[in-house]
Amino acid sequence: VSNVSEGAAAKVPATPEVSRNILVIGGGIAGVSAALEAAEAGYDVTIIEKNPYLGGRVAQLYRYFPKLCPPYCGLEINFRRIKDNPMIRFHTMAEVEKISGRPGNFDVAVVLYPRYVNDRCTACNACVAACPSERPNAFNFGLGKTKAIYLAHEMAFPMKYAIDDSACKLTECAKCVEVCEYNAIDLGMRPKTMTLKAGAVIIATGWDPYDAARIDNLGFGKYPDVITNVMMERLAAPNGPTKGKILRPSNGREVESAVFVQCAGSRDQNHLGYCSAICCLASLKEATYLRERNPGARAHIFYIDMRTPGTYEFFQRKVLSDEHIAIMKGKVAKITEDPATRRLVVEAEDILSAGKTRLSVDLVVLASGMVSSLARGAPAGPVALDGDHFVLAAQTGAGIFAAGCAKAPVDVATSVQDATAAAAMAIETIQTSARR
Amino acid sequence: MAKKTGVYVCRGCGIADAIDTQKLVRLATAANPGGPVRTSPAFCLEDARLIRSDIEQHGVDSVVVAACSLRVNTDVFRFEPAFVERVNLREQVAWSHPAGHGETQSLAEDNLRMGLVRAHKASPPKPYIEANERTVLVVGAGAAGISAAISAARSGFGVVLVEKEVELGGYAARLHKQFPTRPPYEGLEATDIAAQIRDLRSLPGVMILTGSSVQEISGEPGRFSVKIQGGTGATEVTVGAIVLATGWRPAGPEKYESYGLGKYPNVVTTADLEAMAAKRQISRPSDQRPARRVAFVLCDGPRDDAHLAYGGNVSSLVALKQATYVRAQHTGAVAYIFYEDMQTPGQYEYFYKSVQRDPGILLSRAQVRRLSEDRDRNVVLELGDTLLGGDIQLVVDLLVVATDMVPSTLDGEGALGLKYLQGRNVPTTPFGYVDSHFICFPYETRRTGVYSAGAVRQAMDLPSATRDGRAAALKAMQSIEKSSAGQAVHPRAGDLTYPGFFMQKCTSCGRCTQECPFGALELNEKKNPVLNTNRCRRCGICMGACPVQIISFNDYSVDMLSSMIRAVDIPEGDEEKPRILALACENDAYPALDMAGINRLQYPASVRVIPVRCLGSVNSILIADAVSRGFDGVALLGCKPGEDYQCHFIRGSELLQTRMGNVQETLERLALEPERVKVMELAISESDRIPAMLGDFVNVIKAVGPNPMKGF
């Protein structure tokens with residue numbers, strides 16, 4: 001029966017009325033996945049990413065649960081797909097300001113921030129030695145410093161350096177310009193704007209860690225050994241501030257014991273009303289980091305509900321089969337520092353014994369939850385958000401879709417699934433618009 | 001064969017500081033008679049045009065760029081249709097070895113020699129392009145299947161939708177209400193499956209076959225032949241790709257015996273309760289009286305191992321939803337939910353909170369200790385581990401046990417009837433879910449052109465199944481587009497090459513057909529392997545499997561790899577200059593070696609690295625070759641095998657482990673020490689381990705002593 005597809009519309013070409021370009025806002029795992037899936041189905045894609053590199057939050061993770069595999073394994077393959085596919089274009093250090101128009105024919109206003117380093121950069125690293133200014137290492141969540149001219153990390157794609165203009169004296173200094181043999185530094189760069197046509201838009205703007213300093217009783221920002229889960233990823237990463245050693249930020253000593261505080265912000269009307277969905281699995285995973293680095297170390301996880309749905313349950317089982325990792329049902333009430341020992345004292349309720357418990361440990365890791373990056377501002381246009389700044393599909397304009405943590409707090413696996421579906425809906429939009 | 005090769009030795013980024021590039025130029029000139037050899041302070045900048053002009057004006061059709069890693073400047077050094085070979089002098093030589101050292105120079109020269117061999121041996125791809133059918137077969141018309149069919153039809157593809165029931169909609173159509181999807185995420189919502197079905201019926205190019213099932217599928221992406229049996233007879237269609245969306249069934253009552261299911265009439269499953277709610281009749285099966293006191297047990301405690309994989313976050317939400325059904329249906333009704341962990345991720349937390357606020361719904365962590373029935377056929381629960389202070393007894397009208405969602409792939413031979421040597425079902429995990437690397441490429445199955453959606457992948461809610469249908473349809477359409485262009489699909493998307501078989505030498509052992517992770521190879525009546533090209537993912541595992549080495553790609557062949565090995569200069573009689581061959585997985589180990597360079601870590605210059613498509617593509621004869629040729633050691637750098645496999649070709653690193661037995665036998669036969677060949681796990685993020693890992697291996701080799709085969 002070869003006539004089944006006869007009634008179907010053939011693949012439409014681009015026309016002035018309908019663009020075959022799909023705009024993807026955000027180049028994290030959701031955005032990159034959406035872009036690749038659409039491009040490999042034969043559509044043009046433009047990725048707009050605000051960082052100087054693609055990969056987003058997953059580039060900052062040491063390992064994925066439940067396989068405990070490195071995120072860069074998957075990113076590498078995706079970047080290779082991007083390098084090999086001329087249908088994908090991307091702009092880093094760029095943000096979408098406004099979306100207007102209609103399905104099949106959107107106009108998108110984009111601002112391109114100055115990188116001060118052009119495409120001639122060969123990543124030879126000579127500029128870094130010459131640069132006299134430093135900045136907190138944002139990739140490491142402020143742990144450690146980089147020079148004002150920097151490569152965010154050694155696996156950064158594209159492998160081009162960037163200058164942080166909040167830390168650089170630009171033309172007043174220009175030492176990097178003198179040493180660059182390739183004429184790749186342009187300190188006179190200014191922000192630019194451009195307009196793109198798109199047939200459909202995918203919002204994959206991702207998430208930020210909740211600001212743990214806003215939770216008064218947990219001591220973040222007050223005691224250096226209280227850190228967040230994302231900082232723990234960087235401590236464990238071989239390309240992190242401690243080259244993979246899990247050390248107390250206060251004194252650089254090895255961590256013998258740690259408490260993981262679940263729902264640090266999440267499931268709390270005073271902070272984030274929703275559940276951030278990944279934190280239980282992240283803490284279980286991070287407990288294995290500690291155990292791997294220090295065979296004598298102990299980890300205690302305080303939780304309300306251990307949320308490891310489906311087959312993730314077996315990951316929980318596997319982690320908890322280590323008798324040095326314990327879980328306790330109960331909320332942490334207070335964290336203080338013992339002035340004599342400089343260790344952290346964790347006071348928590350222990351629901352199962354209906355009592356209270358007190359633990360003295362070297363490190364506290366707050367499972368600080370995910371905030372939609374759209375909380376910092378969304379593109380102008382028909383993009384509807386719920387009270388927590390997640391994209392509300394039902395009220396967002398036709399032809400505009402969300403994927404990953406722009407839509408809800410989700411894990412990497414779900415982000416990839418969402419992204420693939422968003423790419424499908426973007427293609428449907430273009431095809432349907434073309435047939436009208 | 002390659003015809004005219006140009007060689008371009010870059011001096012930039014510290015290369016010329018570390019090695020004598022003039023020597024490389026002389027080496028290339030001698031080895032490449034008739035072709036241009038040039039050098040530049042930075043070929044990636046203006047001088048890229050020198051390469052282009054050699055191609056356009058001087059007939060160069062094969063380019064060797066000896067500069068940075070192939071991982072960077074991919075676009076700059078793309079000169080289609082010329083063949084491009086990248087020789088890594090920057091990350092893996094200049095940045096990772098002492099400048100000006102003789103061994104650093106030897107490494108650079110060997111890398112260049114190997115690159116020249118590869119350029120000379122590679123031939124251009126001859127894409128396999130046949131006419132394709134732009135139709136997607138969707139098996140299963142539940143939420144996932146309907147969504148897939150709509151997506152494919154709207155995107156301009158034909159659709160054949162096969163459903164075994166008479167009605168469309170699957171379980172979605174039997175749902176009373178669905179979980180909240182809109183702020184404030186508190187109220188239950190009607191499903192929109194009926195509207196979806198209407199939408200589907202209005203689309204062009206959709207053939208819907210209900211009361212039908214797929215009997216047999218043969219062929220390959222682009223051209224699958226499908227036999228379908230319906231109530232009114234048999235149909236045969238040709239489709240380009242397939243979406244498997246056959247959903248789930250509730251687990252049988254035997255799994256819930258300890259909860260009294262099948263024993264007491266007033267113990268039912270959540271699937272039963274959903275049906276009662278849809279009929280507005282939540283009553284006791286024993287006497288049809290309204291069920292006013294209803295308890296839900298999530299069966300998620302420590303003794304409920306068997307249920308965990310199939311419930312997921314869904315069973316918590318189902319219980320919360322059904323508790324509100326109970327409350328809505330009978331005035332004064334009370335519902336209890338007993339759980340170990342309440343799983344309401346994301347915005348579903350707001351739904352949980354709203355249910356908690358209802359004074360008629362009591363939620364507690366608890367485990368059922370004992371269960372019985374009283375004279376009125378009420379169910380008597382004895383609960384322990386509660387948050388209510390000690391053990392309690394509770395009498396209810398109706399007990400509802402959370403239903404497992406058992407994937408239909410666990411039943412029989414699955415729903416596709418694949419006429420494949422490797423079996424009729426798609427390969428599954430031990431839980432019965434379709435096997436894929438579910439984090440990175442969730443919709444892939446191990447049967448190219450077949451994509452899974454919905455509850456055959458994992459237990460999921462309705463919006464997720466709808467999303468899945470969309471996504472799997474896209475993958476199916478992609479597979480059709482890619483095969484139409486003669487290109488591979490994920491993960492080597494766009495690759496135009498495919499394995500060729502030198503059949504005169506085939507011994508019909510069939511190993512390639514067994515080891516292919518994707519079932520791409522069938523046996524013909526003479527027991528010879530036949531490649532279904534569009535099923536092939538181009539991993540080269542068949543090449544590694546073949547005991548007589550008759551399988552090769554145009555740009556990746558046995559002859560090429562073995563000639564590259566032979567191109568390496570092996571110094572004799574110098575114990576301080578051992579030579580180690582490292583075969584490195586191109587996706588993980590090779591980039592990790594680059595990272596070591598980017599971080600300016602130093603590792604032994606005695607190691608010669610050849611990237612391989614997958615460790616599974618490494619033939620044990622190649623390893624034996626290297627040892628006979630005089631290499632003192634061979635390191636195989638790849639990813640983690642086993643349950644948590646990372647291999648993008650699923651079985652590559654695992655298969656290599658099994659082949660190591662052959663390698664050890666060969667070493668024994670040659671009277672060589674077993675330590676000379678070693679498999680090492682190296683993840684992409686572990687560049688920091690490289691200096692010690694390779695350093696230790698070199699020390700072991702030095703202790704064992706030089707390979708006595710040198711010079712033979």
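**Entry 1: polar contacts and salt bridges.** I began with the two chains of this predicted model and counted 35 residue pairs in polar contact between chain A and chain B, both residues of each pair at pLDDT 80 or more. I then looked up the salt bridges and noted 11 between chain A and chain B. One of the salt bridges that I inspected joins B:Arg470 to A:Glu428, with 2.8 Å between the closest N and O atoms.

**Entry 2: the side of chain A that touches chain B.** I asked which helices of chain A each supply at least two residues to this side. They are helix 1 (29-39), helix 2 (71-84), helix 7 (312-320) and helix 8 (412-435). Helix 8 of chain A provides the largest share, 16 residues.

**Entry 3: extent of the contact.** I noted that 86 residues of chain A and 98 residues of chain B take part in the contact. The area buried between chain A and chain B is about 7700 Å², and 56% of it lies on carbon and sulfur atoms.

**Entry 4: a sheet in chain A.** I turned next to an open sheet of 3 strands in chain A, which has the order 17-18-19 and antiparallel pairing. Why is one side of strand 17 (332-337) and of strand 19 (355-361) left without a neighbour in the sheet? Both strands stand at the edges and each has a single partner strand, so one side of each remains without a neighbour there. On average, neighbouring strands of this sheet are turned by 20 degrees against each other, direction ignored.

**Entry 5: one strand pair.** I followed strand 17 of chain A to strand 18 (residues 344-350) of chain A and found antiparallel pairing over 5 bridges. A:Val332 has A:Ala348 as its bridge partner in strand 18 of chain A.

How values were computed: Residues are numbered from 1 along each chain as its sequence is written. Chains are lettered from A and ligands numbered from 1 in the order in which they are written. This is a predicted model: local features need pLDDT of at least 70, side-chain atom pairs count only at pLDDT 80 or more; totals for chains, interfaces and linings use all residues. Side-chain values use heavy atoms; hydrogens and water are left out. Contact means heavy atoms within 4.5 Å. Buried area is the accessible area (1.4 Å probe) that two parts lose on being put together, summed over both. A salt bridge is a side-chain nitrogen of Lys or Arg within 4 Å of a carboxyl oxygen of Asp or Glu. A polar contact is a pair of N or O atoms within 3.5 Å; within protein, one must be able to donate a hydrogen and the other to accept it, and residues adjacent in sequence count only if both atoms are side-chain atoms. Helices (H or I, at least four residues) and strands (E, at least two) are DSSP runs, numbered from the N terminus. Two strands pair if DSSP finds at least two bridges between them. Axes are lines fitted to C-alpha atoms, for helices over the stretch in contact, and angles run from 0 to 180 degrees between N-to-C directions.
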